[in-house]
Amino acid sequence: MTTPRPPEIPYSVTPRPDTGFTNAQLGMGLFLVADLMLFGGLLSSYVLLRVNAGVWPPDQHHPVAALGALKTGLLFLIVAATNAARHGKSSPPRPLFFWLTALAALAFLATTGAEYAKALSQGMAPGVNTYIGMFYALTAVHALHVLAGLVATLSIPILAVPLGKTDPLRLASRRSVTAMYWYFLTAVWFVIFAVLYLA
Amino acid sequence: MTSHSPSLPSKAERNPAAFSFRAALVSTDHKVIGILYGVTALTFLLTGFLIMMLMRWQLAYPGRALPGASALFGSNSARMPGGVMVPEFYYQLGAMHGTIMVFLAIVPLLVGAFGTYLVPLQLGAPNTAFPRLTRLGYWSYLAGGVVWLSSFALPGGAAQSGWTSYPPLSIIAGHGQTFWLIGMILIIVSSIAGAINMIVTIIQLRVIGLTYMRLPFFVWSQLVTAFLLLLAFPPLGAAGILQLMDRVVDTSFFLPSGLVVSGAALTANVGGQTIPRGGGSALLWQHLFWFLAHPEVYVLVLPAMGMVAEILANNARKPLWGYKSMVYGTIFLGVMSMLVWAHHMFLTGMGTVITAFFQATTMIVSIPSIIVLTALLASLWGGAIRFNTPMLFALAFLPMFGIGGLTGLPLGLAVTDIHLHDTYYVIDHFHYIVVCGTLSAIFGGIYYWFPKVTGRAMNERLGRIHFWSSLVLLNCIFMPMFIQGMAGVSRRLYDGGLSYAHAQPVLKLNVFITHAAFALALAQIPFIVNLLWSLRRGPRVEANPWQATTLEWAAASPPLAQGNFETPPVAHRGPCEYSVPGKDKDYTPQWEQ
């Protein structure tokens, strides 16, 4: 038995004239609002713990600022590569820049892993104090987001670019929502970097 | 947009009796997933109800063996040794009753079942904007529910820190709490996926002519609800992650310094060293939790108001009175609901300035609720009311929600709240809203939309038996609780107040309440029989049996398996044009020229 073809969903790839958005753009926008509330919840917890504490940082433990700066640089690279991957309606997509984005994201995750390993070996476990606890909470949640971005980015050259040969609009839509996501993660990282590494 | 020649679905696909379980597992169709949500959530509703009956037995007859308990739990079970409930088990049941009812039963019924099924139809859309996200939402919800229920089988049992999971108790409690947090994170994923999908569907997939002020009020209520879920759940996600870390990797985000449990200071083993835990704030959890959970209260009632509005306008044969005021009131309600959370925390001694602020916002948030309730009441004036089962349930919603809402006012004022907060009064206040109010609306909605979903009508006589018995019994259960609450009986006692002198005069009410609750269970039998019998044997109905005006009634009953409509409808007018002067019939559907 052949199942009937699912109905075409309107405005999947072309913007709805009166709203100016495609479904995916609006959906990603809403997701980022929700995500902002997630990071907002974590960051306000950090603020509340910090103003309640007598001394801050509570003891000598501190994340390594140089590693934080390296991660900031990698996110800049991700944003630059994502922007370079933009293509016009007539020009073909450029898979190279998606691979570059993915590579930078992978380097970001590897740095985070190395950072955690080093910290744990020096006795900087999450339970040492609430500052270090928040360091792990915020950076781990952010790193999980980078991992999700890595998967989404890889799906473009692996799955979507072959698809793009027949449907450039859908490919452009994927690229633009992935780019929105990376911009957001980079912006959130600035705050995390400032409050955790430069504290 | 390219158009494919639509392959017409076979008869089997249009007939829900041929509802294939295997096809449902992979389906991305909003109707199939809406039905899955409905069936699953009704099952959880029954589970939560059975849990409550176990608790009610304990409250009415503390220390007496529950008949049949040894068959259910085994004669030397740790939870019910000799059929008598141990306090720990009572608290597990209490925590899981609340958790199951809020997150697995009522919200999934309102948003998952009715929202997912009806909103695309009322918009004239072929499906939701992101069909695979709809599927992800359902399966994530089911996984969360399975994690929660399975936690009863753990050696220490399920979570027992209440549905609010207040630390420090929730952090030093057994593994059930870890399962609670993991289940909660799955529910959060499900809710956020559903909320994004709902908002994008409403904004993007409205058919031609369906402007915002032509949306059925139900769609508006779902839109505001989705925004509440979208904005309120992530902070609980943040709190859940932090509590999980407190439990698993020994951080102390929610543990204040100097905490002594069972005579010993709390310590953590960090890098081979034993250090005292602390430096955190238990209040932080309460702020993050109630930042979700107060908007969640409105999630529990807004879609119910939307359903009541649809049923009421249809059966009063009148337009909604003050439709625009209701819409603006609902939006205002949504915004204000984000600013009232700390009225749950008057007992924590936050300080008078904060208390005064939240007291003021709480009084303000009652205004839009009263606008909507007044508009619904005024819509009845001068109508030619049809008193069918859905209408009876919708009408019952108004006074029940009224009682629930008005009894909330003393809880919004700190002076009275301090006395009432930990008593049965609070339990009663929100059960009047969620059970007597929202659940009435849900039952009304099931009777009202059942013909659309199945193509068959439900039995009216059984419906009336179900309605009248449930309404009377609900009030038998909850009215006496106000008396107990005002007498000062604490809501957290596993023996119902047996050991307190001030509770003695109202203790005998516990027996009455418990008998009423058991009778309420029996009163649901006509409903279950009606549901199953009508599914197979109910009289067949045409597309628009209630002579309604909104777009879901333009589709066949049941709607086409693929794409809902033969041709996408066009909206020509507002959502509830009933009894328009000069027309030859008393309803003018949105889709008619």
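**Salt bridges and the A–B contact**

Tutor: In this predicted model, B:D422 and B:R491 form a salt bridge, and their closest N and O atoms are 3.8 Å apart.

Student: Where do B:D422 and B:R491 lie in chain B?

Tutor: B:D422 is in the loop between α16 (414-420) and α17 (424-454). B:R491 is in the loop between α18 (460-486) and α19 (509-523), so the pair ties together parts that are 69 residues apart in sequence.

Student: And is B:R491 buried or exposed?

Tutor: B:R491 counts as buried, because its relative accessibility is 17% and the limit for buried is under 20%. B:D422, at 31%, counts as partly exposed.

Student: What about B:R573, what does it pair with?

Tutor: B:R573 forms a salt bridge with B:E577, with 3.9 Å between the closest N and O atoms. B:R573 has 11% relative accessibility and counts as buried, while B:E577 has 28% and counts as partly exposed.

Student: Which residues are joined into one network by salt bridges that share partners?

Tutor: B:D422, B:R491 and B:R492 are joined that way.

Student: Why do such pairs form at all?

Tutor: Side chains of opposite charge can pair when their charged atoms come close.

Student: OK, chain A now. What does A:R16 pair with?

Tutor: A:R16 forms a salt bridge with A:D18, and the closest N and O atoms are 2.6 Å apart. A:R16 is buried at 6% relative accessibility, whereas A:D18 is exposed at 54%.

Student: How many salt bridges are there over all chains?

Tutor: The structure holds ten.

Student: And how many of them cross the interface of chain A and chain B?

Tutor: Zero salt bridges are found across that interface. Five residue pairs are in polar contact there, counting pairs with both residues at pLDDT 80 or more.

Notes: Residues numbered from 1 in each chain as written. Chains lettered and ligands numbered in written order. Predicted model: local features only at pLDDT ≥ 70, side-chain atom pairs only at ≥ 80, totals over all residues. Heavy atoms only, no water. Salt bridge = Lys/Arg side-chain N within 4 Å of Asp/Glu carboxyl O. Polar contact = N/O pair within 3.5 Å; in protein donor to acceptor, adjacent residues only side chain to side chain. Buried < 20%, exposed > 50% of the residue type's maximum accessible area, 1.4 Å probe, protein only. Helix = DSSP H or I, 4+ residues; strand = E, 2+ residues; numbered from the N terminus.
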